[in-house]
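Subject: Structure handover

Hello,

Here is the structure I said I would pass on.

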Amino acid sequence: MAQSILIFDFGTNEEAAQQARHKVEAWKQGFRLGNKILLKFERVENEPKAAGDADEAKPAHGKKAGAHKKSSSKEEKDDGTSAQVKLLVRLDFSDHEKLSHQRWLDRIPTEEPFKSAKAETLRHNDASFSKAAERFESLD
């Protein structure tokens, strides 16, 4: 089986990452791809930009309680915390579908929501592919 993993780093742009997810889901449904294209999100929480010693001394449950009171994403950005959003897309085509596999590898990074993201393509014979595959499997 020819597998490849495309990693798109959207930075803190959650909206673009969600648009990319919708695009992939539409392709899966429209082209009847099933499990040949799978995607998962990886979110890494960043530390507050202007955090003081007093903020760090607060218990973790106090921060969560304050986060539930906020309703808009703008307020969360004002807090100084943000999450780095990465979208991992795994292409898993059988050996006789090499042309389709190559076409999707070429197409996905050129589509609109993916253009703005920093892209990395790992093929099944790359040295770092096994680490990326484990990372993909560990995500929910």
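Is Trp104 buried or exposed? This is a predicted model, and in it Trp104 has a relative accessibility of 8%. Because buried means under 20%, Trp104 counts as buried.

Helix α5

Trp104 belongs to helix α5, which spans residues 98-107. His101, Trp104 and Leu105 are the buried residues to look at in this helix. They lie on the same side of α5, because the arc they cover around the axis is only 100°. The face turned away from that buried side carries Leu99 and Arg103, which are exposed. As for what the buried residues of α5 pack against, the list is β1 (2-11), α1, β2, β3 (83-93) and β4 (118-123).

Aromatic rings

How many aromatic pairs are there? The count comes to four. In one of them, the ring centres of Phe31 and Trp104 are 5.4 Å apart and the planes are at 80°, so this pair is edge-to-face. The two residues come from distant parts of the chain, 73 residues apart: Phe31 is in the loop between α1 and β2, while Trp104 is in α5. Phe31 is partly exposed, at 46% relative accessible area. Ring pairs join Phe31 and Trp104 with Phe8, Trp27 and Phe114 in a cluster.

The charged end of Lys40 is over the ring of Phe136, 4.8 Å from the ring centre. Arg43 lies over the face of Phe41, and here the distance to the ring centre is 4.7 Å.

The strands around β1

Strand β1 is mostly covered, with eight of its ten residues buried. β1 pairs with β3 in the antiparallel sense, over nine bridges.

Most residues other than glycine have a negative phi. Arg32 is not a glycine, yet its phi is positive, at about 50°. Arg32 is in the loop between α1 (14-30) and β2 (37-45). With a relative accessible area of 76%, Arg32 is exposed.

Regards

Terms used: Residues numbered from 1 in each chain as written. Predicted model: local features only at pLDDT ≥ 70, side-chain atom pairs only at ≥ 80, totals over all residues. Heavy atoms only, no water. Helix = DSSP H or I, 4+ residues; strand = E, 2+ residues; numbered from the N terminus. Buried < 20%, exposed > 50% of the residue type's maximum accessible area, 1.4 Å probe, protein only. Phe/Tyr/Trp six-rings, centres within 6.5 Å; stacked < 30°, edge-to-face > 60°. Lys NZ or Arg CZ within 6 Å of the ring centre and 35° of its normal. Arc of directions from axis to C-beta. Contact = heavy atoms within 4.5 Å. Pairing = 2+ DSSP bridges.
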